[in-house]
Amino acid sequence: MVPGNQSAVTMFILQRFTDDPWLQLALFFLFFTLFVAALVGNVLIIMTIHCSPDLHTPMYFFLVNLALLDVASTSTVLPKVLQSLVAENTISFGGCLTQMFVFSWLLGSELLLFSAMAYDRYLAICRPLHYGTLMSGRVCVSLAAFVWSMGALNSLMLTCLALPLSFCGPNLITHFFCEIPSVLLLSCSPTFINDVMTIITDMFLTGLNFLLTMTSYSFIITSILRINSAEGKQRAFSTCSSHLVVVTLYYSTVLYTYVRPALGSAGILDKAVAVLYTTVTPSLNPLIYTLRNKEFKASFKKLLFFPK
């Protein structure tokens, strides 16, 4: 237990998806497959970009950061999920707070990173002559540092607000991992400030960043439509459509989850939505971002068949 916290609860129980042994086994293999796919896919992205000088550009720099975030987020959530499907489904008070902090950090950082990626694509398509100056290596590193640090600051604030709360029972978290909205529901203390701050930070990270991303893409689409060459339009759309698909899925599910604290839990629906941004999206990101990317596929083939 965290020093200074007067909670009577020292252990939380994570609610399983089901008590049916056969369905538990099926879910274990499903989540294990998605976990391996997320790890292998994102690690391959990092290795390919690192070993390919042709891919040392701002777009791929941000893609490496996204892959790192996906690896870290799935590694934070899924191992405990897999354990709960075959063995005990408990987590210590400190472990729950740690998982809550790390996942919130990664989640907030990923939302900010999507805006940075949209800004990069805006400069590349709408201001190509100034792209090298406006998106230099120093600017890229500064943006990445801002993304990671702001995500950590947001998570630290929300986690610290949870420390003074008392948890005197029940200790069953109606979720498959420790996430801020589901943990707040168990507090015996008033959580009004926590709920308000959670909604405010989510509206800032999710709502504002989604607005910035959509604004960037409105300029991008306008510029693409002005391109005379059909091939040029197709190439521009191919580099942006994948990002737009991921952003729309990710923002909508996160916004739903973090605006709900004051409304209670929707049970299985909350879990299904959470599965999308904790498991499915990190597993699909490698495919979505590379399947239509000729440069990446060429570099990957060179790395796979003609390693130096």
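Begin by selecting C126. In this predicted model, C126 has a relative accessibility of 22% and counts as partly exposed. The reasoning rests on a cut-off: a residue is buried under 20% relative accessible area and exposed over 50%, and partly exposed in between. Select C51 next; its relative accessibility is 41%, so C51 is likewise classed as partly exposed.

Now turn to the cysteines that are bonded. How many disulfides does the structure hold? There are two disulfides.

Select C96 and C178 together. These two cysteines form a disulfide, and their sulfur atoms are 2.1 Å apart. Looking at the S-S bond, one finds a torsion of -120°, and the link of C96 and C178 is left-handed. What does this pair tie together? C96 belongs to helix α3, residues 93-126, whereas C178 sits in the loop between β3 (172-173) and α6 (180-184), so the link joins parts that are 82 residues apart in sequence.

Display the surface around this pair. Are C96 and C178 buried or exposed? C96 is buried, with a relative accessible area of 1%, and C178 is buried as well, at 0% relative accessibility.

The next selection is C168 with C188. They form a disulfide whose sulfur atoms lie 1.8 Å apart. The torsion about the S-S bond of C168 and C188 is about -120°, so this disulfide is left-handed. The pair connects distant parts of the chain, 20 residues apart: C168 is in the loop between α5 (137-162) and β3, and C188 is in the loop between α6 and α7 (192-225). With a relative accessibility of 37%, C188 counts as partly exposed.

When the bonded cysteines of the protein chain are numbered in sequence order, the pairing is 1-3, 2-4.

Finally, colour the chain by its annotation. The unreviewed UniProt entry gives the annotation "transmembrane region" for residues 22-47, 59-78, 98-119, 140-167, 204-225, 237-259 and 271-291. Two of these spans may be selected in turn. Residues 22-47 are 100% helix and 0% strand, and the end C-alpha atoms of this span lie 37 Å apart. Residues 140-167 are 82% helix and 0% strand, with 43 Å between the end C-alpha atoms.

Methods
Residues are numbered from 1 along each chain as its sequence is written. This is a predicted model: local features need pLDDT of at least 70, side-chain atom pairs count only at pLDDT 80 or more; totals for chains, interfaces and linings use all residues. Side-chain values use heavy atoms; hydrogens and water are left out. A disulfide is a pair of cysteine sulfur atoms within 2.5 Å. Helices (H or I, at least four residues) and strands (E, at least two) are DSSP runs, numbered from the N terminus. Buried means under 20% relative accessible area, exposed over 50%, partly exposed in between (1.4 Å probe, protein chains only). UniProt positions are given in the numbering used here, feature names are shortened, and annotations may be inferred rather than shown by experiment.
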